[in-house]
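Dear colleague,

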Amino acid sequence: MDRLTDRLPAPSRNVALGLGVACVVALLLVPTLTSNYVEKLVLKGVVFAILAISWNMLAGYAGQISLGHAAFFGLGAYISAWVTTPSAAGFPEWLAMPALVAIVVGGLGAAILALLTGPAMFRLRGHYFAIGTLALAAIIQLLLNNMQSLSGGATGYYVQNNFGSAAVFYLAVLALVAVFAVTYYMMKGRLGLGMQAIRDDQDAASTLGVSPLRYKMWAFVVSSFFAGVAGGLYAQHAMYVNASTTLGVSWTIDTLVIVILGGMGTMIGPLLGAGIFMAIDNLLTDLVGVLATSLEGILIALFVIFAPQGLYGFLKDRFLDERRPGAEHPTGDSAAVERGSD
Amino acid sequence: MPSIDLLSGAIVNGILLGGIYALAALGLSLVFGIMDIVNVAHGHLLMIGGYVAVIMALTLGLSPLLGMLVAMVVLVVVGLLLYEVMQFVVGEGMEQPILVLFGIALAIQNSWQYVLDNFLFGSHAQTTDLSIITGNIVVAGVSFSSSRAVTFVVAVVLVVLTWVFMQYTKTGRSIRATAQNPAAARYMGIDTDHIYRVTMALGAALAGAAGALLSMLFPFDPYVGWSYLLKAFAVVVLGGVGSILGTLAGGGVIGISENVGALVIGESFRDVVSLSIFLLVLIVRPHGLFGSSEGGE
């Protein structure tokens with residue numbers, strides 16, 4: 001993990017690593033030390049963090065603004081529900097899998113959907129891609145909503161697993177660490193650099209031999225896999241899925257808020273955003289009740305206009321850049337710039 | 001296979017519906033073509049227009065056709081306010097405007113639901129009723145409701161009026177010049193900021209008119225915005241971005257396919273059909289069925 005923080009001076013590198021370990025330890029203590037309610041809340045935060053990291057890979061690093069992330073999350077949730085509780089959807093009982101496998105299968109299902117729809121979706125660029133993914137997500141939600149026997153319709157689908165909510169919780173924390181690490185190394189490596197090159201200028205990247213479709217597909221499939229895993233974790237913890245809520249556009253929205261709040265195209269941004277979002281969301285709900293969504297919407301607009309680099313970018317400008325002026329790329333992660341100067 | 005009568009009825013009703021879809025898409029198409037912004041809050045503007053008509057009908061007993069005029073005035077104000085926000089991000093690349101408008105759409109939808117629940121008649125679905133003439137009109141064996149016929153005529157008239165405005169007035173010409181080349185337009189003495197403001201207000205007013213007309217045909221709730229946005233975008237893509245008369249063709253295609261699809265596959269798959277056709281056309285012909293070579297980015 002030494003490269004994780006190699007951009008920081010030695011003391012802050014240790015501080016950052018220590019902070020990361022402390023956070024993971026604190027998360028692992030949640031099921032034993034706190035109430036069921038808090039565990040649910042924190043799990044939602046962890047699921048959001050995974051979703052945020054995955055959307056950030058696609059939108060922040062590869063520059064493909066998808067508005068259909070909820071579809072991959074929801075499909076992962078449904079697939080994991082089907083394979084742990086197959087009889088409720090009319091599938092044969094021998095299909096039943098333990099929750100751990102089901103979560104991975106959920107991720108794979110979402111990744112396969114990305115693999116199948118990706119080549120078509122990436123014929124679209126920019127605005128068209130954003131609206132196309134919104135339409136794709138709407139179609140998937142409408143289809144599942146209409147297929148009562150598969151999705152449970154309005155009553156939803158009850159999941160049975162003998163895994164226990166605490167075990168799912170530990171699994172979620174593990175998944176978050178894994179997702180973060182995989183994303184970090186991907187973004188440092190060839191794949192991540194290709195994605196960022198395409199984000200910054202697709203035509204230039206293409207001219208230099210970086211195949212846009214190849215790198216976009218990597219971003220789309222891996223990001224969808226993570227989103228599916230997040231969905232599986234959520235379904236196995238809540239033990240209930242519902243086409244209108246689990247596939248709802250609100251998952252996309254919240255993920256967007258988190259990443260924009262934290263900082264698009266950065267590694268720390270989504271984590272920072274998820275933590276702050278959970279705090280704000282609960283605080284806002286306490287303060288203004290059902291109007292919380294309105295304030296979140298206004299927050300998105302304000303952040304995009306006045307702090308497009310998010311909280312992380314803002315903090316970095318304040319506290320880190322003074323030491324190394326000009327070392328950071330102004331709009332995103334510094335990986336591309338630093339690698340380029342090697 | 002449904003009978004020929006049902007099928008021809010579905011097609012005629014689809015064409016009638018398509019006229020309103022064209023109007024619903026026109027504002028989106030103009031703002032997209034001229035400002036290069038996909039107004040993802042367009043469906044929500046339409047929702048506001050629909051509710052203005054509903055409120056006028058319920059409180060003042062105003063006919064929805066007059067309610068439509070009120071809705072257009074209200075939406076001009078909303079559009080001007082929206083421009084004040086958007087001017088921060090116009091020309092800032094493509095994701096910033098989308099995200100800002102996405103946030104605004106959320107705020108509109110959520111706060112409107114709050115207002116409905118707490119101060120008005122609740123957020124269950126509402127419709128208006130065109131009570132001047134009722135009943136069905138039968139032409140050559142095909143029957144369709146008179147409200148559909150009236151809304152179709154009004155919608156098409158508004159689309160054609162917009163086309164005339166863009167084609168033959170000084171402001172219209174300035175708008176087209178700005179769409180083609182903002183820098184050149186500025187050299188020619190066109191105040192492009194003003195043009196953008198007018199475009200936004202016009203787009204919003206058209207959305208308001210479409211919403212008021214749609215409120216006569218379909219129930220409205222605070223969440224209808226997203227599905228109308230997708231339908232409107234489908235029409236824009238089919239007709240070609242910025243093409244006014246193209247939206248009429250696009251609206252017809254979506255209206256017909258939706259109605260025939262609902263008839264053949266089932267009513268609950270209505271939106272699936274139109275969205276799938278949209279996605280298909282988007283992927284196969286990103287410039288639209290009737291579009292110019294513009295767009296793609």
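Predicted model: local features only at pLDDT ≥ 70, side-chain atom pairs only at ≥ 80, totals over all residues.

Chain contact. In the model, 42 residues of chain B touch 39 residues of chain A. The two chains bury about 3,700 Å² between them, and 81% of this area lies on carbon and sulfur atoms. The number of salt bridges between chain B and chain A is zero.

Helices 1 and 8 of chain B. The axes of helix 1 (residues 4-35) and helix 8 (residues 192-214) of chain B come within 8 Å and cross at roughly 165 degrees. Since angles over 145 degrees count as roughly antiparallel, these two helices of chain B are therefore roughly antiparallel to each other. The crossing is left-handed. Residues of helix 1 in this contact include I20(B), L23(B), G27(B) and M35(B), and those of helix 8 include Y196(B), G203(B), L206(B) and L214(B). By class, the contact of helix 1 with helix 8 comprises 17 nonpolar residues, three polar and no charged.

Helices 12 and 13 of chain A. Helix 12 (residues 249-262) and helix 13 (residues 268-288) of chain A pack at an angle of about 115 degrees, with their axes 7 Å apart. Their crossing is right-handed. On the helix 12 side, the contact is made by D254(A), V257(A), I258(A), L261(A) and G262(A); the residues of helix 13 that they meet include P270(A), G273(A), F277(A) and I280(A). This contact has eight nonpolar, three polar and one charged residues.

Yours sincerely

Technical notes: Residues numbered from 1 in each chain as written. Chains lettered and ligands numbered in written order. Heavy atoms only, no water. Axes fitted to C-alpha atoms, helices over the stretch in contact; angles between N-to-C directions. Helix = DSSP H or I, 4+ residues; strand = E, 2+ residues; numbered from the N terminus. Parallel < 35°, antiparallel > 145°, perpendicular 65-115°, else oblique. Left-handed = near helix turned anticlockwise from the far one by under 90°. Contact = heavy atoms within 4.5 Å. Nonpolar A, V, L, I, M, F, W, Y, C, P; charged D, E, K, R; others polar. Buried area = accessible area lost by both parts, 1.4 Å probe. Salt bridge = Lys/Arg side-chain N within 4 Å of Asp/Glu carboxyl O.
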